[in-house]
Amino acid sequence: PELADFFRQKDQEAIAAAEPRINEEWLHHAGKGRPILLETIKTALPGVSGKPIGVLGIGRDMTERKRAEENLHLMSRAFSNSGEAIMITDAENRILAVNKEFTRLTGYSEEEVIGRNPRILSTGNTPREVYQEMWAALTRNDYWQGELWDRRKSGEPYPKRLSISVVRDAHGQIINYIGNFEDITDRKAAEDKIHHLAHHDPLTGLPNRFSLYERIDQGMAFARRCGKSLAVMLIDLDRFKQINDTLGHNAGDQLLIQVAGRLERSVRESDIVARLGGDEFVVVLSGVSSSADAAEVAGKIVEHLAAPYFIAGNELRTSPSVGICLYPEDATETSDLIKNADIAMYHAKASGRCNYQFYTDELRADVAQRVTAEHELTVALERGQFVLHYQPQIELCSGRVRGVE
């Protein structure tokens with residue numbers, strides 16, 4: 001009855017208006033089990049006298065069209081308000097539409113880019129191979145995702161994460177490309193920071209052990225190509241523990257920072273300065289022609305590091321003990337170069353400190369003999385293998401026993 005009253009009211013309105021009336025009403029369709037949108041067009045039918053004798057009504061199911069319009073409206077809102085920049089191009093890669101985020105991110109208005117090729121955004125810094133891979137993936141998979149460098153309207157370059165999807169018609173022909181992208185400057189900065197922390201000492205900013213081994217490998221490869229030598233210097237600070245224990249860790253840290261700076265100023269930009277940890281540093285000299293070249297730099301390092309340091313109102317002094325190992329004369333593996341330089345460094349300490357020593361095979365033999373002796377002494381003590389002997393101490397003038405040794 002309510003629906004009948006509604007239709008009767010619309011009939012009366014059509015007669016009174018003397019012109020067609022269009023109405024929409026959601027109805028429950030019992031057969032389909034879901035509401036449908038019924039659009040009705042009603043107009044009065046005039047008789048011979050001109051007075052209405054009835055109403056002509058035409059009804060159409062507008063449900064699918066309504067839902068399509070709502071979907072289009074929803075897509076339009078999503079396109080306009082997306083947090084990512086969106087760009088739609090035709091099959092010839094001419095820009096058809098962009099959203100508000102595109103304008104905010106690039107600085108270009110819609111009017112400035114419509115009909116143009118997206119290459120207007122390029123900085124020219126992205127390798128050609130990346131674009132070749134992109135088009136190959138779009139042809140093969142109808143999708144590509146990757147990172148590019150683009151430029152804003154102001155000329156400022158920035159990295160972006162881009163996803164491109166291909167839209168095809170019923171016959172499989174490409175009709176559109178849809179690109180979504182975002183500025184990843186902050187993310188790249190965070191990644192770079194993490195990478196730097198992973199490869200550098202947080203106190204001095206020098207390369208750490210992990211990075212040092214990689215760079216020595218690269219340096220050896222360069223030396224092989226050029227027919228040159230590589231010098232690895234291991235540097236240990238004398239009496240650093242006393243400074244650290246007396247004045248505190250903060251003073252010790254400041255000393256290490258100053259040592260790092262002096263080491264960098266003592267070598268070329270192409271050379272490597274790294275911190276192994278504690279008060280141990282490594283300097284790698286590339287393209288060394290002879291041991292004399294390494295000795296000259298080592299002498300400079302000893303001189304620079306032995307000069308006084310001024311920290312928190314205190315004049316501090318330390319000195320370096322430097323061990324030098326040459327590639328390929330003394331070793332051909334990174335770990336062996338470091339180990340042999342370490343042996344030479346301990347020889348420098350044993351030789352009075354504040355000096356440098358080159359690695360030799362004799363040093364290795366001495367170290368091996370010392371390690372063996374220490375091991376055998378320890379085992380002999382544990383097993384009770386020592387026998388104690390006494391011999392008398394005799395006074396020569398009297399012949400009497402005065403003691404024992």
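Which residue in S15 does Val 322 stand opposite? I looked and found Tyr 356.

**Ground rules.** I am reading a predicted model, where local features need pLDDT of at least 70, side-chain atom pairs count only at pLDDT 80 or more, and totals for chains, interfaces and linings use all residues. Residues are numbered from 1 along each chain as its sequence is written, and side-chain values use heavy atoms, leaving out hydrogens and water.

**The sheet.** I traced an open sheet of five strands, ordered S10-S11-S9-S14-S15, with mixed pairing. Strands are DSSP runs of E, at least two residues long, and helices are runs of H or I, at least four, numbered from the N terminus. Two strands pair if DSSP finds at least two bridges between them. S10 (272–277) and S15 (355–358) each have a single partner strand, so one side of each lacks a neighbour in the sheet. S14 (residues 319–327) pairs with S15 in the parallel sense, over four bridges.

**The helix.** I then followed H11 (residues 334–350), which lies across S9 (229–238), S11 (280–288), S14 and S15, at about 140° to S14. Contact here means heavy atoms within 4.5 Å. Axes are lines fitted to C-alpha atoms, for helices over the stretch in contact, with angles from 0 to 180 degrees between N-to-C directions.

**The cysteines.** I searched the whole structure for disulfides (cysteine sulfur pairs within 2.5 Å) and got zero. For Cys 226, the nearest cysteine sulfur belongs to Cys 325, 19 Å away. Cys 226 is partly exposed at 39% relative accessible area, and Cys 354 is partly exposed at 34%. Buried means under 20%, exposed over 50%, and partly exposed in between (1.4 Å probe, protein chains only).
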